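Student: Could we go through this model together, starting with a loop and then moving on to the sheet?

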Amino acid sequence: MNFKVEKRIGVRATSERIWEVIADLPGWNAWNPVDTDLSGTIAFGGTITLTEAVPGLPERTYTARVGDWQPDARLVWIERRGFLFNVIRYYEIDQLEVGSCIVSNGFIFSGFRGEGFYEKHRKTLRTACESISEALRATAES
């Protein structure tokens, strides 16, 4: 079973502009309050190393595998936390019309321990998703 925390937000920018912000991994330090110090390659099977600083949880650095990506549309990475716990992180861009998009970011937890983590931290993770969304919108619209 999967457990999801997500925030969707309207952004007055093109999908290309939003993707430009997302695809600039080293630039995340300038706008993203949760995911910082990103490095890696956006490519199928590529890896991304980042520091995750969710307020209320211990800061941690980890490496994840890119699971899916499409320019101007999505970036998905997968972190395996042992054989009982996986986390999928994602950013999705849905262009409604030129200059107007809905952007989603979130966490999907799976596995036995994933359910427990979700139940314990979903409010904290929801707040993190909200702060990421607001920061991404402000950056893309500027």
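**Loops, sheet and contacts**

Student: Where is the place of Asp72?

Tutor: Asp72 sits in the loop between strand 4 (60–70) and strand 5 (74–80), where helices (H or I, at least four residues) and strands (E, at least two) are DSSP runs numbered from the N terminus. This is a predicted model, in which local features need pLDDT of at least 70 and side-chain atom pairs count only at pLDDT 80 or more, while totals for chains, interfaces and linings use all residues. Residues are numbered from 1 along each chain as its sequence is written, and side-chain values use heavy atoms, with hydrogens and water left out.

Student: What is the phi of Asp72 near?

Tutor: Phi of Asp72 is near 65°, which is a positive value in a residue other than glycine. Most residues other than glycine have a negative phi. Asp72 counts as partly exposed because its relative accessibility is 26%, where buried means under 20% relative accessible area, exposed over 50%, and partly exposed in between (1.4 Å probe, protein chains only).

Student: And Asp37, what about its phi?

Tutor: Phi of Asp37 is near 50°, a positive value in a residue other than glycine. Asp37 lies within strand 2 (residues 35–40), and it counts as partly exposed because its relative accessibility is 46%.

Student: Switching to the sheet, what order do the strands take?

Tutor: The sheet is open, with 7 strands in the order 1-7-6-5-4-3-2 and antiparallel pairing, where two strands pair if DSSP finds at least two bridges between them. Its edge strands, strand 1 (2–11) and strand 2, each pair on one side only. From one strand to the next the twist averages 25°.

Student: Which residues of strand 1 are on the covered face?

Tutor: The covered face of strand 1 holds Phe3, Val5, Lys7, Ile9 and Val11, whereas Asn2, Lys4, Glu6, Arg8 and Gly10 make up the uncovered one. In a regular strand the side chains alternate between the two faces of the sheet.

Student: Which strands does helix 1 lie across?

Tutor: Helix 1 (residues 15–23) lies across strand 1, strand 4, strand 5, strand 6 (86–97) and strand 7 (100–110), and runs at about 155° to strand 6. Axes here are lines fitted to C-alpha atoms, for helices over the stretch in contact, and angles run from 0 to 180 degrees between N-to-C directions; contact means heavy atoms within 4.5 Å.

Student: What is Arg74 in contact with?

Tutor: Arg74, in strand 5, is in contact with Trp19, Asp68, Trp69, Tyr91 and Glu92, leaving aside its neighbours within four places in sequence. The side chains of Arg74 and Gln70 are also joined by a polar contact of 2.8 Å, meaning a pair of N or O atoms within 3.5 Å; within protein, one must be able to donate a hydrogen and the other to accept it, and residues adjacent in sequence count only if both atoms are side-chain atoms.

Student: Last one: is Asn32 buried or exposed?

Tutor: Asn32 is buried, because its relative accessible area is 3%. Asn32 is found in the loop between helix 2 (28–31) and strand 2, and its side chain makes a polar contact with the side chain of Tyr91 (3.2 Å). A polar atom of the Asn32 side chain also lies 2.9 Å from the backbone nitrogen of Asp35.
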